[in-house]
Amino acid sequence: MAINKITVLGSGVMGHGIAQVSAMAGYTVTLRDIEQSFLDKAMERIRWSLNKLVEKQKLSQQDADAIFAHITPKVDLKEALRDADLLIEAVPEDMNLKKKVYAEIDSLAEQKTLYASNTSTLPITDMAALTSRPDRFIGLHFFNPPQLMPLVEVIPGNRTNSDMVEMAMGFCKKVGKQPVLCQKDVPGFIVNRVFIPLVHEAAYCMDRDGAKMTQIDSAVKFRLSFPMGIFELADYTGLDVIHKATVEMHMRDTKVINPHPAIKKLFEEKSLGQKTGKGFYEYKGDKYERVSLTEEEAATYDPIKILAVAANNAAWLITKGVCGREDLEKALRLGMGLRKELFATVQEFGAKRVLDTLKELAAKHGAFYEPDPYLVNYRG
């Protein structure tokens, strides 16, 4: 499975980022979208990103120009797919749209073309079934922005063959990323299976504990070693992304998420976080802003419930055979930016205390909180 030419479908934030990292690794790339204006904007952003690398002396101007020349924007789908060894689809997260896209691709793609989807939540097995080559279809979940984030989750569907998995892992390494294999096509894959339920749990903690957002966020950042607070991270990610992931995960398995109505409400109000100037927090300018979180405020709130839910969902992934503990910790470090291993934090707070917290929550608030067998038997 020699990969030389790559076609990236969709030129949004993820699509043009994937096109750029692929071109930087020496691949010939075609970037396709439905309108020339979308492509023009994407190419401008790629040029801007490469110029930044030149400014920081990470690339020479000559190399930046050569990389830019490796990317060809195209509107015509048939032309875009010509001679493609690997197609990476990065269109919006909407199964109906994906159905239309894959029907069109399948009628035009050459027999040799391998398929990959950059979905963050949609089932790979279901998408693969829309095509004539489910054995040569895989999930490649890059993180935002692809130029900077080191992690790619590699997700085979039920019929993906082992050569395809090997190709995907090798491709990720060649574009300078660290792949983690998600061995089962579960809701949220690895990182979102842990992260998305935490946004809802943080909202429940506000209600149940009468805590302020900055108290919870400060505690999460300084006591649980997260890169930023949960509400802050949700605003940075985008409440539209969180809401769509929530709906998709809940639809696939109601037991994996306990939706809080605040997330849906913010989505419906179009309060989507940093990008709209308001989400959980309000933001003044269009520049990226950090919320003011302090160690003093962190000392006023015990984030045990958030830790317990994170550990329980992480344990579920291990019990289900989705990944081992080492790959889990690697994914959380690279994808969520955890500064300390999650299970090291569990030991710090006390595994028994984490377990007791889940039992109390389950007694009060239902089966979502029932402790996973891995945690029940956890001894460090």
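**Reading features in a predicted model**

Author: Welcome! The structure holds nine aromatic pairs. Rings of Phe, Tyr and Trp (its six-membered ring) pair if their centres lie within 6.5 Å; planes under 30 degrees apart count as stacked, over 60 as edge-to-face and the rest as tilted. Take tyrosine 374 and tyrosine 378: their ring centres are 6.0 Å apart and their planes stand at 40 degrees, so this pair is tilted.

Reader: Thanks! What should I know before I go on?

Author: This is a predicted model: local features need pLDDT of at least 70, side-chain atom pairs count only at pLDDT 80 or more, and totals for chains, interfaces and linings use all residues. Residues are numbered from 1 along each chain as its sequence is written, and side-chain values use heavy atoms, with hydrogens and water left out.

Reader: Which residues form one aromatic cluster?

Author: Tyr102, Tyr115 and Phe137 do. Rings can also have a charge over them: NZ of Lys or CZ of Arg must be within 6 Å of the ring centre and within 35 degrees of the ring normal.

Reader: Over which ring does the charged end of arginine 47 sit?

Author: That of phenylalanine 68, where the charged end is 4.0 Å from the ring centre. In another case, lysine 174 lies over the face of tyrosine 27, at 4.5 Å from the centre of the ring.

Reader: How many disulfides does a search of the whole structure find?

Author: A disulfide is a covalent bond between the sulfur atoms of two cysteines. The test applied here is a pair of cysteine sulfur atoms within 2.5 Å. A search of the whole structure gives zero disulfides. For cysteine 323, the nearest cysteine sulfur belongs to cysteine 182 and is 6.9 Å away, and cysteine 323 is in no disulfide. Cysteine 323 is buried, at 4% relative accessible area, and cysteine 205 is buried too, at 1%.

Reader: Next, backbone angles. What is the general idea?

Author: Most residues other than glycine have a negative phi, and most peptide bonds are trans. Now for some cases that stand out against that background. The peptide bond from asparagine 144 to proline 145 is cis, with omega near -5 degrees. Proline 145 sits in the loop between strand S6 (137–142) and strand S7 (151–156). Helices (H or I, at least four residues) and strands (E, at least two) are DSSP runs, numbered from the N terminus.

Reader: What is the phi of glutamine 57 near?

Author: It is near 60 degrees, a positive value in a residue other than glycine. Glutamine 57 lies in the loop between H2 and helix H3 (61–69), and it is exposed, with a relative accessible area of 73%. Phenylalanine 189 also has a positive phi, about 55 degrees, although it is not a glycine. You will find phenylalanine 189 in the loop between strand S8 (178–181) and helix H8 (191–209); it is buried, at 0% relative accessible area.

Reader: Where does asparagine 51 lie?

Author: In helix H2 (residues 36–55). Asparagine 51 is partly exposed, with a relative accessible area of 28%. Asparagine 51 and alanine 64 are 13 residues apart in sequence, and their C-alpha atoms are 7.2 Å apart in space. Now look at glutamine 20, in helix H1 (residues 13–24).

Reader: Last topic: pockets!

Author: Rolling a probe the size of a water molecule over the atoms shows where empty space is left. On a 1 Å grid over the protein atoms alone, a cavity is a set of points where a 1.4 Å probe fits but cannot get out, and a pocket is an open set with protein on both sides within 12 Å along at least five of seven lines; lining residues have an atom within 4 Å of a point. Grid points are joined across faces, edges and corners, and a volume is the space filled by probe spheres set on the points.

Reader: What volume does the second largest pocket have?

Author: About 270 Å³. The second largest pocket is lined by 16 residues, and Lys255, Trp316, Ala367, Phe368 and Glu370 lie nearest its centre. Helix H14 (residues 304–319) gives the most to this lining, with three residues. The lining divides into six nonpolar, four polar and six charged residues. Here Ala, Val, Leu, Ile, Met, Phe, Trp, Tyr, Cys and Pro count as nonpolar, Asp, Glu, Lys and Arg as charged, and the others, Gly among them, as polar.

Definitions and conventions
Buried < 20%, exposed > 50% of the residue type's maximum accessible area, 1.4 Å probe, protein only.
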